[in-house]
Amino acid sequence: MKTSENAHSERLPNVFVVSGPGGAGKNTIVDRVLAADPTLRESRSWTTRERRPGEGEDAYTFVDSATFEAAIEADRFLEWAEYVGNLYGTPWPGPVPDTDLVLVIEVQGARQVLERVPDAVMILVVPPSRRVQEARLRARGDSEEHVQKRLAVADEEEQVGRSLAHHVVVNDDLDRAVEEVAGILDGYRRPPPSASSPSEGIA
Ligand code: 5GP
């Protein structure tokens, strides 16, 4: 990744990174956690991937490769990565008072965020098994080629993710996983008055 001076980071809110292999269920979990807490907001990523059938137009900012590459050159991304043949990137977040930011991104991007935003907290979401992961990938309408490519990189993603993550959540039961992720975020955002924060510098 092209590196740049880190002048942007002083304007950043608290950053939570939720990562994990495709089909782990991280978007579903984060959607549920955010629906219950208006002081959390999710970044809208850019991608060169085609929109899936039935996928909302606002799921991503869908762009062509030339537009994405021009944005890389202009240093418009906090992080970006190539994932199974497409580019994905998080635009530098603007300041929004009294909200914290949640990024739902793959592990190469998570690594970049942790390097650039040292106080960022990373939660790795993993599926209970590859069989369950495969079923989830198929259920969302990915092409067979995309399903196979995502499964092929899953072991490595999980391994890298575990080496980076502050917390690992197994998405074996959605309600339970949502509760666990919400509880982890709460722990950083509302430290007990008598104790110091679990991660210095995170409000
Ligand atoms: P999908 O094509 O299934 O929507 O996304 C593929 C992978 O890219 C998922 O793991 C998703 O979380 C991740 N992703 C989505 N947005 C971004 C982003 O802005 N940056 C990075 N590095 N990964 C992203």
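I began with burial. I call a residue buried if 20 or more other C-beta atoms lie within 10 Å of its own, exposed if 12 or fewer, and partly exposed in between, with C-beta atoms placed from the backbone. The model is predicted, so I noted its limits: local features need pLDDT of at least 70, side-chain atom pairs count only at pLDDT 80 or more, and totals for chains, interfaces and linings use all residues. Numbering runs from 1 along each chain as its sequence is written.

**Entry: glutamate 158.** Is glutamate 158 buried or exposed? It has 21 C-beta neighbours inside 10 Å, so I log glutamate 158 as buried. Glutamate 158 sits in helix H5, residues 144–164. For contacts I require C-beta atoms, placed from the backbone, within 7 Å. Leaving out residues up to four places away in sequence, glutamate 158 touches Pro21 and Val126.

**Entry: whole chain.** I counted six helices and nine strands in the protein chain. These are DSSP runs numbered from the N terminus (helices H or I, at least four residues; strands E, at least two). The chain has 203 residues, and 33% of them count as buried. Among contacts with a separation of 6 or more, 70% join residues 24 or more positions apart.

**Entry: H3 against H5.** Two packed helices are described by the angle between their axes and the distance between the axes. I use axes fitted to C-alpha atoms, for helices over the stretch in contact, with angles from 0 to 180 degrees between N-to-C directions. H3 and H5 pack at about 20°, axes 9 Å apart. That makes H3 roughly parallel to H5. My classes are: under 35 degrees roughly parallel, over 145 roughly antiparallel, 65 to 115 roughly perpendicular, the rest oblique. The crossing of H3 and H5 is left-handed; that term means the near helix is turned anticlockwise from the far one by less than a right angle, and right-handed means clockwise. From H3, Val107, Ala110, Arg111 and Leu114 meet Glu157, Val160, Gly161 and Leu164 of H5. I sorted the residues of this contact into five nonpolar, one polar and two charged. Nonpolar covers Ala, Val, Leu, Ile, Met, Phe, Trp, Tyr, Cys and Pro; charged covers Asp, Glu, Lys and Arg; the others, Gly among them, are polar.

**Entry: H1 against H6.** How do the axes of H1 and H6 cross, and at what angle? Helix H1 (residues 26–35) and helix H6 (residues 174–189) have axes that come within 9 Å and cross at roughly 60°. H1 is therefore oblique to H6. Their crossing is right-handed. The contact residues divide into eight nonpolar, one polar and one charged.

**Entry: ligand shell.** I found 14 residues around the ligand, the closest being Ser45, Tyr88, Ile105, Glu106 and Gly109. A shell residue has its C-beta atom, placed from the backbone, within 6 Å. Strand S5 (77–83), strand S6 (86–91) and helix H3 (107–116) each supply at least two shell residues. By class, I logged five nonpolar, six polar and three charged.

**Entry: positive phi.** Aspartate 75 has phi near 55°, a positive value in a non-glycine residue. It lies in the loop between helix H2 (65–73) and S5. Aspartate 75 is partly exposed because it has 13 C-beta neighbours inside 10 Å. Aspartate 98 also has a positive phi, about 65°. Its loop runs between S6 and strand S7 (100–104). With 7 C-beta neighbours inside 10 Å, aspartate 98 counts as exposed.

How values were computed. Contact = placed C-beta atoms within 7 Å.
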